[in-house]
Amino acid sequence: MLKVRNLQVHYGMIHALRAASLHVKAKEIVALIGANGAGKTTLLSAISGVVRATSGEVSLDGNAITRERPDRIVREGIAHVPEGRHVFKPLPVEDNLLLGAYHRYSLRKSAAIREEVEQVFSLFPALADRRKQRAGTLSGGEQQMLAIGRALMSRPKVLLLDEPSMGLAPRLVREIFVHISRLREERGMTILLVEQNARGALGIADRGYVLETGRVVLQGTSEELLANRDVQRAYLGRERET
Amino acid sequence: MYWEPDKERLDREELSQLQLERLQATLNRVYAHVPFYRKKFDALGISPEDVGSLSDLSLLPFTAKADLRENYPYGLFAVPMREVVRIHASSGTTGAATVVGYTRNDIRTWSNLVARILTAGGVTKDDVVQIAFGYGLFTGAFGLHYGAERIGASVIPASSGNTARQIQIMRDFKTTALVSTPSYALLVGETLREMGIPTSALSLRYGLFGAEPWSDAMRQEIEGKLGIVATDNYGLSEVIGPGVSGECLERRGLHVNEDHFLIEVIDPERLRPVAPGEVGELVITTLTKEAFPMIRYRTRDLTRLLPGECPCGRTGQRMGRVTGRTDDMLIIKGTNVFPSQIEHVLFEIEGTEPHYQIVIDRKGAMDEVTVLVEAAESIFFDQMRRQKEMVEKIQKRLAQELGISVDVKLVERKTLARSEGKAKRVVDNRKL
């Protein structure tokens, strides 16, 4: 459903992404793994239009969306949950969710949008208990759930998740990964996931791509990548080598 | 029957996206880890990111057998040795051995690809598979062995040679599938006849043959003598071993495992693609190999791509049987001659056995070719007139097929050496 071919991104003189190609099929979870600065966030941002690609093609269900404006890309069905969550801290949880649907807001649709807010609350009951609370008072894990919930409000076909586990306590990391795989199981969501926590990401992903200095150097099923010694050494931690 | 139905029947568009992703990742890896490729790419001014589509493959340099020899033994490995779990060497039918390696993932991929080919050839977990390839550095035996085990079949690692014992095993262990070279399968068939064992005494149903060129006529001969359905499969150790391609039971050419190998067919002289469907040299690029990736490897095997779809439902491109090797090509009196052409003629003529040898001598400046052919029992050597007619018939047909005249000699049955591995069809006594 999501297809990327030869995507290149330059930041001034820096060639951040070099001819990266990947695809994500409907209802798949695909992980992008790699070290800091490998180009993972750049790749997600070039897909969602937040960063402009120098060249290459992105298509969703066969429609080219390369170099569209980010808001157009949201309408096409791609929602980007950025690294660091970026929730609107002074606003209540509920308003944060409503803002996720702002591009399709109209009086006629407001009931439907209210209904979707309730769906997000049923997906993340912890948020429902805090619906009137300001987002800035939530824990890191709750803010991550809110950021994902806000993205769901745009009714995406594909969800781009950037480092959802970053900065969370180990117990919350596990919880977030459980939530992500439930999004696929229960809502049929298609997910492209960027993670430093390669083991956690490959644990829930069907397939993965490994980025090194802006290049895709490996791709395969999660099982294959977990069995690859380069992946084990570089991203899974030496002490856990089998 | 499919082993990996979703992969063997992949939609062509999805396949090409997957091939591009895998090609790009392979190029990025070889450029970073194999100095041989980096130097070659740099010399041509190509960087991996210049390959943005599958057709850009033609920008890349070829890799030849000589490159493998020059980098003997480990120069073309793309991973450190501690990640290599298996080492094989090419069987070296022609020339010195070359060394190839496999990571744990490579072994798993390889087993899966062979499992696809075995499944396509009729083998299931209920089969008893007798592997009559030599176990050793050669990839054939181990490749088929692991693939058959992956399916869950009962594997008999009989190895090659000792035909009477092979037949005893075949009968007593109730072997249902034979894996060997086609020439060895013929020898098994003949030995059965000599031992007076009818095929009904065996449980054989399928034969999966490879590692040397053979013809449809030879297939019929083997099927008749062994009472089996025979399929062809193809691979070479420089690329992975068996598992590159194989026939399904429709037997309309060999399905290439295109999600793991990119194939091209080129004119071996001009190094450009041949017209679709024409015979040329097969060139293979690996898409998933970790330890020993190959970029545009010139196999020296001659084949062609087959048009259209196969009723079996597999979507992979099909290649015709390998009809010979570019280095088997004999230049006789200035004409290109392939041993397979001679084999083809002999199979068409009744009263000959499928055993032959081509002997080339040079008298002065002239090449002289003698084709030694075994006569069937029905032709008695006291019937001089019939012998003469037969020789003339073969000579005439060979002259038509090859465009040059050759001598033909009938020899008694079983006088030509039998192979227990790859057959030696050509004796070239010329000092060039």
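Figure 1. Two strands are treated as paired where DSSP finds at least two bridges between them. The model shown here and in the following views is a predicted one. Strand 18 (residues 352-363) and strand 19 (residues 366-375) of chain B meet this condition, with 9 bridges in the antiparallel sense. Together strand 18 and strand 19 of chain B make a hairpin, and 2 residues lie between them. In the turn, G364(B) adopts a positive phi of about 65°. I358(B) is bridged to V426(B) in strand 21 of chain B. Pairing of strands in a sheet relies on backbone hydrogen bonds, whether parallel or antiparallel.

Figure 2. In chain A, 4 strands are arranged as an open sheet with the order 2-1-4-5 and antiparallel pairing. Its edges are strand 2 (14-24) and strand 5 (63-64) of chain A, each of which pairs on one side only. Strand 1 (residues 2-11) and strand 2 of chain A are joined antiparallel by 7 bridges. One bridge in this pair links L2(A) with V24(A) of strand 2 of chain A. Helix 2 (residues 12-33) of chain B packs on this sheet and touches strand 1 and strand 2 of chain A. The direction of helix 2 of chain B makes about 145° with that of strand 2 of chain A.

**Figure 3. Contact between chain A and chain B.** The contact brings together 17 residues of chain A and 15 residues of chain B. On the chain A side, strand 1, strand 2, strand 10 (215-221) and helix 9 (222-227) each contribute at least two residues. By class, that side comprises 6 nonpolar, 5 polar and 6 charged residues.

**Figure 4. Crossing of helix 5 and helix 6 in chain B.** The axes of helix 5 (residues 104-120) and helix 6 (residues 139-151) of chain B approach within 7 Å and cross at roughly 75°. Because of this angle, helix 5 of chain B is described as roughly perpendicular to helix 6 of chain B. Residues of helix 5 in the contact include I107(B), W110(B), V114(B) and L118(B), while those of helix 6 include L144(B), Y146(B), R150(B) and I151(B). In total, the contact of these two helices of chain B has 9 nonpolar, 5 polar and 1 charged residues.

Figure 5. The peptide bond from Y72(B) to P73(B) is cis, with omega near -5°. P73(B) belongs to the loop between helix 4 (65-70) and strand 1 (84-89) of chain B. R251(B), although not a glycine, has a positive phi of about 50°. R251(B) counts as partly exposed because 17 other C-beta atoms lie within 10 Å. R300(B) is likewise not a glycine and has a positive phi, of about 65°. R300(B) is located in strand 12 (residues 297-303) of chain B. With 21 other C-beta atoms within 10 Å, R300(B) is therefore buried.

Conventions. Residues numbered from 1 in each chain as written. Chains lettered and ligands numbered in written order. Predicted model: local features only at pLDDT ≥ 70, side-chain atom pairs only at ≥ 80, totals over all residues. Contact = placed C-beta atoms within 7 Å. Axes fitted to C-alpha atoms, helices over the stretch in contact; angles between N-to-C directions. Nonpolar A, V, L, I, M, F, W, Y, C, P; charged D, E, K, R; others polar. Parallel < 35°, antiparallel > 145°, perpendicular 65-115°, else oblique. Buried ≥ 20, exposed ≤ 12 C-beta atoms within 10 Å, placed from the backbone.
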